[in-house]
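Visitor: I would like to learn how to read the features of a model such as this one, one at a time. Could we take the general idea and then the case at hand?

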Amino acid sequence: YYELDLGLNHVVRKWSEPISRTANLLLSVPGGDNWPSGVLICGENWVSYKHQGHIEIRTALPRRHDLPKERGVLITAGTVHKQK
C-alpha cells in the first residue's frame, strides 16, 4: 500500500502483505481522515477489502445458476469514482 506525499512530492510505502495467488485485480479505495481507504482485492470467486490495522473482509462473488461449478468467476475490470 503506497501513499503520495504531496508536501515532499514522493511516494511512501505504508505497508505490504502477501495476497492470494488467484488475485487478478487491485482497486484502491479512496479515503482520508474520515473515509475508509484501503485496497479491494479481486480474485477467483471472491473480493476482499484490506486496510492497515484492520482484519481482512472477504465475500464470495454471486454466480449464475447455469454456470458450471468447475468454472471460476473473475472480475476483469473496475473503476473507482471519488466525489468531492
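Guide: Let us begin with a charge over a ring, a term used when NZ of Lys or CZ of Arg is within 6 Å of the ring centre and within 35 degrees of the ring normal. In this structure the charged end of Arg 58 sits over the ring of Trp 46, at 3.8 Å from its centre. The model is a predicted one, in which local features need pLDDT of at least 70 and side-chain atom pairs count only at pLDDT 80 or more, whereas totals for chains, interfaces and linings use all residues. Residues are numbered from 1 along each chain as its sequence is written, and side-chain values use heavy atoms, with hydrogens and water left out.

Visitor: How many aromatic pairs does a search of the whole structure find?

Guide: In general, a pair of aromatic rings is described by the distance of the centres and the angle of the planes. Rings of Phe, Tyr and Trp (its six-membered ring) pair if their centres lie within 6.5 Å, and planes under 30 degrees apart count as stacked, over 60 as edge-to-face and the rest as tilted. Here the search of the whole structure finds 0 such pairs.

Visitor: In what order do the strands of the open sheet stand?

Guide: Strands of a sheet pair through backbone hydrogen bonds, either parallel or antiparallel. Strands (E, at least two residues) are DSSP runs numbered from the N terminus, and two of them pair if DSSP finds at least two bridges between them. The open sheet in this model has 4 strands in the order S3-S4-S5-S6, with antiparallel pairing. Strand S3 (25-31) and S6 stand at the edges, each with a single partner strand, so one side of each is left without a neighbour in the sheet. From one strand to the next the twist averages 20°, where axes are lines fitted to C-alpha atoms and angles run from 0 to 180 degrees between N-to-C directions. S5 and S6 pair in the antiparallel sense over 4 bridges, and Tyr 49 stands opposite Ile 57 in S6.

Visitor: Which residues make up the largest nonpolar core?

Guide: In soluble globular proteins, nonpolar side chains tend to be buried together. A nonpolar core is a set of buried Ala, Val, Leu, Ile, Met, Phe, Trp, Tyr and Cys residues joined through side-chain atoms within 4.5 Å, and buried means under 20% relative accessible area, exposed over 50%, partly exposed in between (1.4 Å probe, protein chains only). The largest core here has 6 residues, namely Leu 25, Leu 27, Cys 42, Val 47, Leu 61 and Val 73. Leaving out residues up to four places away in sequence, Val 73 touches residues including Leu 61, Pro 62 and Leu 67, contact meaning heavy atoms within 4.5 Å.

Visitor: Is His 51 buried or exposed?

Guide: His 51, found in the loop between strand S5 (46-50) and strand S6 (57-60), is buried, with a relative accessible area of 17%. Beyond its neighbours within four places in sequence, His 51 is in contact with Trp 15, Pro 36, Ser 37 and Gly 38. His 54, which also lies in the loop between S5 and S6, is exposed, at 52% relative accessibility.

Visitor: What is the phi of Ser 37?

Guide: Most residues other than glycine have a negative phi. Ser 37, in strand S4 (residues 36-43), has a positive phi near 50° and is buried at 10% relative accessibility. Asn 45, in the loop between S4 and S5, likewise has a positive phi, near 75°, and is partly exposed, at 29% relative accessible area.
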